[in-house]
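Here are a few friendly notes to read alongside the model. Take them one at a time, and keep the 3D view open as you go.

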Amino acid sequence: MYENKISVIGTGYVGLVSGVCLADFGNTVINVDIDEEKINKLNNGEVPIYEPGLSEYLQRNFESGRISFTTDVKEAIENSGVVFIAVGTPPKDDGSADLQYVLSVARDIGKYMNGYKVIVDKSTVPIGTGRKVAAVIQEELDKRGVDYKFDVVSNPEFLREGKAVYDFTHPDRVVIGTESEKARDILKEVYRALYLNDTPFVFTNLETAEMIKYASNAFLATKISFINEISVLCEKVNADVQVVAKAMGMDGRIGDKFLHAGPGYGGSCFPKDTRAIVRIAAENGVDLKVIKAGIEANENQKLYMVEKIVNKLGDLKGKTLGILGLSFKPETDDMREAPALTIIPELIKRGARIRAFDPEGIKEATWRLKDYEKDIIYCDNEYEVMKGSNALVLLTEWNQFRRLDLKRVKELLADPVFFDLRNVYEVEEVEKVGLEYIGVGTAQKA
Ligand code: NAD
């Protein structure tokens with residue numbers, strides 16, 4: 001049994017979930033962050049993000065002493081044999097991934113290393129970063145005049161926000177990229193709970209593992225853009241994208257996931273990772289035309305949603321739109337690159353005022369949409385949104401928006417139009433109460 005402690009540096013969506021779940025697998029974990037407020041909250045038993053199921057896992061492992069939280073990176077590194085890097089890799093203006101946080105952690109590791117360690121990169125990083133991390137660590141060791149051995153492993157993370165705990169504990173596969181047999185054996189011990197449980201493991205080299213993450217995200221994002229473009233065509237030719245997607249998905253070669261037409265993908269991963277892989281390719285003289293087209297289609301899709309609303313309601317000056325859902329998907333408070341951040345400003349620029357509600361995203365939305373605050377009222381619940389609104393726009397399909405009292409919706413709206421941008425409702429059930437229904441990818445009535 002592997003007995004050394006693990007530290008996870010970076011305690012955000014990925015680092016916190018990884019730390020808590022690795023502790024649940026029986027490891028002893030030290031989670032580190034530079035954000036003191038976050039660490040204080042965690043030490044008081046509070047979860048700083050909204051992620052279903054996480055607080056139970058946290059409590060259980062915190063009480064048993066298998067997980068602890070600190071801002072002391074030196075102590076964490078000195079006391080662990082495996083160091084996970086799980087800091088952010090946000091996009092720079094040119095689309096490339098900003099590696100400053102990853103490389104600063106690498107520098108810390110080199111500074112405080114006191115014996116053999118396995119450095120595991122969980123952050124999504126451009127191909128070649130693992131070698132860069134190794135070089136930075138070596139540089140620091142050379143400065144200190146010490147000769148500790150270490151191995152760098154790429155272990156990309158595939159969890160989905162909103163289902164992060166389940167995904168971490170039931171992954172479709174675990175990817176381990178390293179040429180070191182010793183490091184590979186240690187990682188097998190770290191993931192022993194999964195390894196013994198028939199979870200598929202892919203052992204490969206550093207670069208392949210780094211590429212798997214970008215290729216997977218780019219493929220999923222492109223699949224969404226594909227069905228979104230098909231949905232626009234469906235509207236013109238009297239076809240129903242939901243039936244099209246369902247029947248396509250029955251083909252085992254295609255699969256039924258990620259074929260839901262909607263307002264475009266968002267979140268902290270797809271937009272940044274698609275742009276980053278295009279950039280990495282360009283630096284290597286390769287033009288990734290399919291992924292570039294997928295990115296463009298996604299931008300168009302968000303604007304097409306605005307166009308649909310304007311086409312129906314005409315001039316938006318003096319009109320109020322009720323928006324249900326702000327986060328980029330249900331079950332998360334994450335607003336990074338959410339379609340709402342494009343669609344709401346575009347509606348406001350066309351003269352609309354907004355009433356909005358999201359079960360978890362309002363705090364985030366308030367600062368991200370600060371420039372538009374005078375035209376947005378955040379409401380306490382879904383029906384408050386409708387009071388005084390002309391029409392309703394369902395933007396994120398939180399469960400509580402799936403069974404609205406449609407009669408009440410009709411009574412509250414001034415112009416009875418319901419834009420269901422997630423295709424949650426059947427046209428018949430909405431129209432039965434006298435509301436006009438506008439979905440995505442179904443033939444539009446003239
Ligand atoms: P995040 O912004 O939620 O968390 C990053 C954390 O790192 C922050 O708490 C920050 O304070 C901390 N940090 C920054 N510099 C630090 C340092 N020097 N020492 C200690 N802590 C430091 O980011 P995230 O969403 O968890 O993403 C992390 C990585 O995982 C990214 O590369 C991302 O692409 C990847 N990823 C994210 C998801 C997801 O769904 N969020 C899924 C798979 C992979």
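**Around the ligand and beyond**

1. Let's begin with the residues that surround the ligand in this predicted model. By class, the shell around the ligand is made of 12 nonpolar, 10 polar and 5 charged residues. Which of the 27 residues come nearest to the ligand? They are Gly-10, Gly-12, Val-14, Ser-123 and Thr-124. Two helices to look for here are H1 (13-24) and H5 (100-112), each of which gives the shell at least two residues.

2. Now step back to the whole chain. You can count 18 helices and 14 strands in it. Along the principal axes, its C-alpha atoms fill a box of roughly 75 × 50 × 40 Å.

3. For helix H10 (residues 206-236) and helix H12 (residues 270-283), the axes come within 9 Å and cross at roughly 115°. The crossing of H10 past H12 is left-handed. On the H10 side, Tyr-214, Asn-217, Ala-218, Leu-220 and Ala-221 take part, and they meet Phe-270, Asp-273, Thr-274, Ala-276 and Ile-277 of H12. Sorted by class, this contact has 7 nonpolar, 2 polar and 1 charged residues.

4. The UniProt record, an unreviewed entry, lists a "binding site" at Asp-33, Lys-38, Thr-89, Thr-124, Glu-161, Lys-272 and Arg-336. These positions do not all gather at one spot, because they span 304 residues in sequence and the farthest two C-alpha atoms are 24.4 Å apart. To locate one of them, look for Thr-89 in the loop between strand S4 (82-85) and H5.

5. The unreviewed UniProt entry also gives "binding site" for another list, including Phe-158, Leu-159, Arg-160, Glu-161, Lys-213 and Lys-329. Why do the listed positions not all gather at one spot? They span 172 residues in sequence, and the farthest two C-alpha atoms are 23.9 Å apart. Leu-159 sits in the loop between strand S6 (150-154) and helix H7 (164-169).

6. UniProt (unreviewed entry) assigns residues 322-427 to "domain: UDP-glucose/GDP-mannose dehydrogenase C-terminal". In the model, this span is 28% helix and 18% strand, and its end C-alpha atoms lie 19 Å apart.

Definitions and conventions:
Residues numbered from 1 in each chain as written. Predicted model: local features only at pLDDT ≥ 70, side-chain atom pairs only at ≥ 80, totals over all residues. Near = placed C-beta within 6 Å. Helix = DSSP H or I, 4+ residues; strand = E, 2+ residues; numbered from the N terminus. Nonpolar A, V, L, I, M, F, W, Y, C, P; charged D, E, K, R; others polar. UniProt positions renumbered as here; feature names shortened; annotations may be inferred. Axes fitted to C-alpha atoms, helices over the stretch in contact; angles between N-to-C directions. Left-handed = near helix turned anticlockwise from the far one by under 90°. Contact = placed C-beta atoms within 7 Å.
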